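Here are some exercises to work through with the model open beside you. Try each task before reading its solution.

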Amino acid sequence: MKHYIETEIIPRYEAFDKAHRTDHVRQVIAESLQLASYYEVDERMVYTIAACHDIGLCEGREHHHLVSGRLMRADERLREWFTEEEIEIMAQAVEDHRASLDHAPRSIYGRIVAEADRLIEPMQILRRTVQYGLSHYPELTKEQHYLRYCEHLQEKYAEGGYLKLWIPESENASQLKALRGIIADETRKREVFERIFEEEFTFP
């Protein structure tokens, strides 16, 4: 099972944007397994869910969580190691991992991968926000990138944002507080953007 995922699933991430490549999926796998240690869950399922959570990006970002679930249900190789019931639980978990969903994950497996996918490390979040903008909106000016960066951070991570945390054992709560401190500090937020933009931007 692990050989299949390592050779057939994880390499797919190399085709995605810089914020969702192999380093991202490996971080989500590691964090998922760490959080799983607090619960009575099947670690094989936790590992597989984490590895597959973003594979739907192959069809774009908007519905990638649903596509990930569909791809898991259609993967005949997974039936060599998991029952139909287990595959359905895993598919639902990847469908439920997206931060902008309006409902809680349907199982502990969904809560684990959703929490692990938050990966709230302030500087990493800020860099990924800049990277995403550069990758998906290359036509924007620098100032337009900054406005998009601010809007995204406010909408998702600031007080009242849509991001929800699900696992109390995670360190995400304290990290989110630190990130919100940067978001609220206009000078600091701009300084970080300027530095990251200079490092990430490349001329055509």
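**Exercise 1.** Which helices do the buried residues of helix 4 pack against?

*Solution.* Before starting, note that this is a predicted model, where local features need pLDDT of at least 70, side-chain atom pairs count only at pLDDT 80 or more, and totals for chains, interfaces and linings use all residues. Residues are numbered from 1 along each chain as its sequence is written, and side-chain values use heavy atoms, leaving out hydrogens and water.

Step 1: find the helix. Helices are DSSP runs (H or I, at least four residues), numbered from the N terminus, and helix 4 covers residues 64–74.

Step 2: pick out its buried residues, where buried means under 20% relative accessible area with a 1.4 Å probe, protein chains only. They are His64, His65, Val67, Ser68, Gly69 and Met72.

Step 3: look for their partners, taking contact as heavy atoms within 4.5 Å. The buried residues of helix 4 pack against helix 3 (43–52) and helix 5 (84–95).

**Exercise 2.** Work out how many disulfides the model has, and check Cys52.

*Solution.* Step 1: apply the rule that a disulfide is a pair of cysteine sulfur atoms within 2.5 Å. The count is zero.

**Exercise 3.** Describe how helix 3 packs with helix 6 (residues 108–118).

*Solution.* Step 1: two packed helices are described by the angle between their axes and the distance between the axes. Here axes are lines fitted to C-alpha atoms over the stretch in contact, with angles from 0 to 180 degrees between N-to-C directions. For helix 3 and helix 6, the angle is about 50° and the axes are 10 Å apart.

Step 1: name the arrangement. Angles under 35 degrees count as roughly parallel, over 145 as roughly antiparallel, 65 to 115 as roughly perpendicular and the rest as oblique, so helix 3 is oblique to helix 6.

Step 2: list the contact. Helix 3 brings Met45, Val46, Ile49 and Ala50, while helix 6 brings Tyr109, Ile112 and Val113.

Step 3: sort by class. Ala, Val, Leu, Ile, Met, Phe, Trp, Tyr, Cys and Pro count as nonpolar, Asp, Glu, Lys and Arg as charged, and the others, Gly among them, as polar. The contact of helix 3 with helix 6 has seven nonpolar, no polar and no charged residues.

**Exercise 4.** Repeat the analysis for helix 7 (residues 122–136) with helix 8 (residues 142–156).

*Solution.* Step 1: the axes of helix 7 and helix 8 come within 10 Å and cross at roughly 130°. Helix 7 and helix 8 are therefore oblique to each other.

Step 1: the contact uses Ile125, Leu126, Thr129, Val130, Tyr132, Gly133 and Leu134 of helix 7, with His145, Arg148, Tyr149, His152 and Leu153 of helix 8.

Step 2: by class, the contact of helix 7 with helix 8 has seven nonpolar, four polar and one charged residues.

**Exercise 5.** Is Val28 buried or exposed (exposed being over 50% relative accessible area), and what does Val28 touch?

*Solution.* Step 1: Val28 lies in helix 2 and counts as buried at 0% relative accessibility.

Step 1: leaving aside residues up to four places away in sequence, Val28 touches Ala50, His53, Val113, Ala116, Asp117 and Leu119.

Terms used
Helices (H or I, at least four residues) and strands (E, at least two) are DSSP runs, numbered from the N terminus.
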